[in-house]
Amino acid sequence: MPDTVNNTFAYTSSTLLNAYKKRREELLPLLKEEKDEDILKKIHLALLSIDLCIQIFNDANRNFPLINKEILEQADQNIALVKNKTAGIKKLKKSIAALNELDNIIFKQKMHYSIELSNSDSNQIPAEIASNILKENAFLFTHVLHVLYNNANQEEVFNTITAHIKYILGLCIIDPISYGSDIYKEMLDEREKYSITNEIDTFIFNTHHFCLTILLFTKHWMGYKEYSLEAAEKDLNDKINDILKQRQSNPS
């Protein structure tokens, strides 16, 4: 499992791998214990979601260095911020506060450039700052995935995913990321209406939103302006089919 774009902003591979194994080992025994067919289907879907998350995450990890290289190749150019960014700045400040409340160590030690952006009154940012914000996000996606796998408290996990999406929505003041703003709003509306009923359903719901967020974030920053929610859902379905084929060829 490859590390993120810069080790300064990364968990180790073994940290994530251990969390991945832990989550699977918590669910696998339920397949033998559970008799209800509907619940068994959900357990299988949850196990599939675990694999889906790590594969989508690994795909993003391969893309982060490519995005970073492209940003730095334009070092003599600034990255545009959206024209009407006042509301976006307010969203970014609120989302940073929410993430900071959940885990203030992260923002004190790792998210300097996002905080700097939230205090900016400029209409553009230097390529180097954009590069560092990308690295911060590579770290943050790693952290959120670790929380998703490792934290047994589904309410805390739910709040972390929600705060993360709010943060990405706040980052939509950066022009390339802004193409997903309506989709992030739609996801947040879904989360606001969602009621946490049981652990497995909530885990599946959270993993789905994590995968959508990282897909949209990377695709839009790579320049695919028209990349839509429908396209992201299709890519997730294609990846699920790939995982199922892998399982058929290697059942272990």
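Leaving out residues within four places in sequence, F210 makes contacts with C53, F57, F141, V144, L145, L148 and I161 in this predicted model. F210 belongs to the largest nonpolar core, where it stands with I174 and F217 among the residues that have the most contacts inside that core. The core comprises 76 residues. At least two of its residues come from each of α1 (13-33), α2 (37-73), α3 (86-102), α6 (127-150), α7 (154-170), α8 (181-193), α9 (199-221) and α10 (229-249). The greatest contribution is that of α2, which provides 15 residues.

The protein chain as a whole contains 10 helices and 2 strands. Their order along the sequence is α-α-β-α-α-α-β-α-α-α-α-α. The chain is as compact as a globular protein of its length, because its radius of gyration of 18 Å is close to the 18 Å given by the globule rule for 252 residues. Along the principal axes, the C-alpha trace extends over about 60 × 35 × 35 Å. Buried positions make up 49% of the 252 residues. Among the contacts with a separation of 6 or more, 75% are between residues 24 or more positions apart.

N206 is situated in helix α9. With a relative accessible area of 0%, N206 falls under the 20% limit and is therefore classed as buried. Apart from neighbours within four places in sequence, the contacts of N206 are with L148, Q154, V157, F158, I161 and R191. The C-alpha atoms of N206 and I161 lie 6.8 Å apart, although 45 residues separate the two in sequence.

At least two lining residues are supplied by each of α2, β1 (78-80) and α9. By residue class, the lining is made up of 8 nonpolar, 4 polar and 3 charged residues.

S178 is located in the loop between α7 and α8. The relative accessible area of S178 is 17%, which is under 20%, so this residue counts as buried. When residues up to four places away in sequence are not counted, S178 touches V82 and C172. The C-alpha distance from S178 to K225 is 9.0 Å, with the two residues 47 apart in sequence.

Two further helical positions were examined for accessibility. E128 lies in helix α6 and has a relative accessible area of 57%; this value is over 50%, so E128 is classed as exposed. E128 and N68 are 60 residues apart in sequence, and their C-alpha atoms are 9.4 Å apart in space. N18, in helix α1, has a relative accessibility of 48% and counts as partly exposed, because this value falls between the 20% and 50% limits. N18 and P65 are separated by 47 residues in sequence and by 24 Å from C-alpha to C-alpha.

Technical notes: Residues are numbered from 1 along each chain as its sequence is written. This is a predicted model: local features need pLDDT of at least 70, side-chain atom pairs count only at pLDDT 80 or more; totals for chains, interfaces and linings use all residues. Side-chain values use heavy atoms; hydrogens and water are left out. A nonpolar core is a set of buried Ala, Val, Leu, Ile, Met, Phe, Trp, Tyr and Cys residues joined through side-chain atoms within 4.5 Å. Buried means under 20% relative accessible area, exposed over 50%, partly exposed in between (1.4 Å probe, protein chains only). Helices (H or I, at least four residues) and strands (E, at least two) are DSSP runs, numbered from the N terminus. Contact means heavy atoms within 4.5 Å. Ala, Val, Leu, Ile, Met, Phe, Trp, Tyr, Cys and Pro count as nonpolar, Asp, Glu, Lys and Arg as charged, and the others, Gly among them, as polar. The radius of gyration is taken over C-alpha atoms; the globule rule is 2.2 Å times the number of residues to the power 0.38.
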